[in-house]
Amino acid sequence: MREQPIGEAVDDEIAEVLAYHKGDVQAAIATLLGDIRYLRWQLVLTEGAMGRGITRGWRPSYERD
């Protein structure tokens with residue numbers, strides 16, 4: 001199996017997202033924003049449930065560095 005360069009993989013993912021939404025860019029963006037909200041909420045729940053000793057003080061980041 002041939003590995004794709006990162007740029008090609010991203011282009012393929014974009015094409016898949018747009019195909020799933022039948023070319024509707026606004027619907028694709030809305031779905032991706034919903035996914036971001038959901039994953040941030042999962043981080044909040046995980047942070048609340050995990051013990052400080054397990055992660056040796058690591059805390060999740062909600063924004064890109």
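1. Of the 65 residues of the protein chain, 6% count as buried, where buried stands for under 20% relative accessible area, exposed for over 50%, and partly exposed for what lies in between (1.4 Å probe, protein chains only). The accessible surface of the chain comes to about 6000 Å², and 59% of this area belongs to carbon and sulfur atoms; accessible areas come from the Shrake-Rupley method with a 1.4 Å probe, and for residues only the protein chains shown count as cover.

2. This is a predicted model, in which local features need pLDDT of at least 70 and side-chain atom pairs count only at pLDDT 80 or more, while totals for chains, interfaces and linings use all residues. Residues are numbered from 1 along each chain as its sequence is written, and side-chain values use heavy atoms, with hydrogens and water left out.

3. The protein chain holds three helices and zero strands, and its elements run α-α-α from the N terminus on; helices (H or I, at least four residues) and strands (E, at least two) are DSSP runs, numbered from the N terminus. The mean pLDDT of the chain is 83, with 80% of its residues at 70 or more, pLDDT being the predictor's confidence in each residue, from 0 to 100. Among the elements, H2 has the highest mean pLDDT (91), whereas helix H3 (residues 52-55) has the lowest (64).

4. The loop between helix H1 (6-20) and H2 includes His21, and Lys22 also has its place in the loop between H1 and H2. His21 counts as buried at 15% relative accessibility, whereas Lys22 counts as exposed at 78%. Not counting residues up to four places away in sequence, His21 touches Ala27, Ala28 and Thr31, contact meaning heavy atoms within 4.5 Å. For Lys22, phi is near 55°, a positive value in a residue other than glycine.

5. Val25, Ile29, Leu33 and Ile36 make a nonpolar surface patch of about 340 Å². Such patches are made of residues with over 30% relative accessible area and no salt bridge, like charges being joined within 9 Å and nonpolar side chains (Val, Leu, Ile, Met, Phe, Trp, Tyr) within 5 Å; a salt bridge is a side-chain nitrogen of Lys or Arg within 4 Å of a carboxyl oxygen of Asp or Glu. Leu33 lies in helix H2 (residues 25-49) and is partly exposed, with a relative accessible area of 42%.

6. Tyr62, in the segment after H3, is partly exposed at a relative accessible area of 27%. Leaving aside neighbours within four places in sequence, Tyr62 is in contact with Arg40, Leu43, Val44 and Glu47. Tyr62 and Arg40 are 22 residues apart in sequence and 6.6 Å apart in space, C-alpha to C-alpha.
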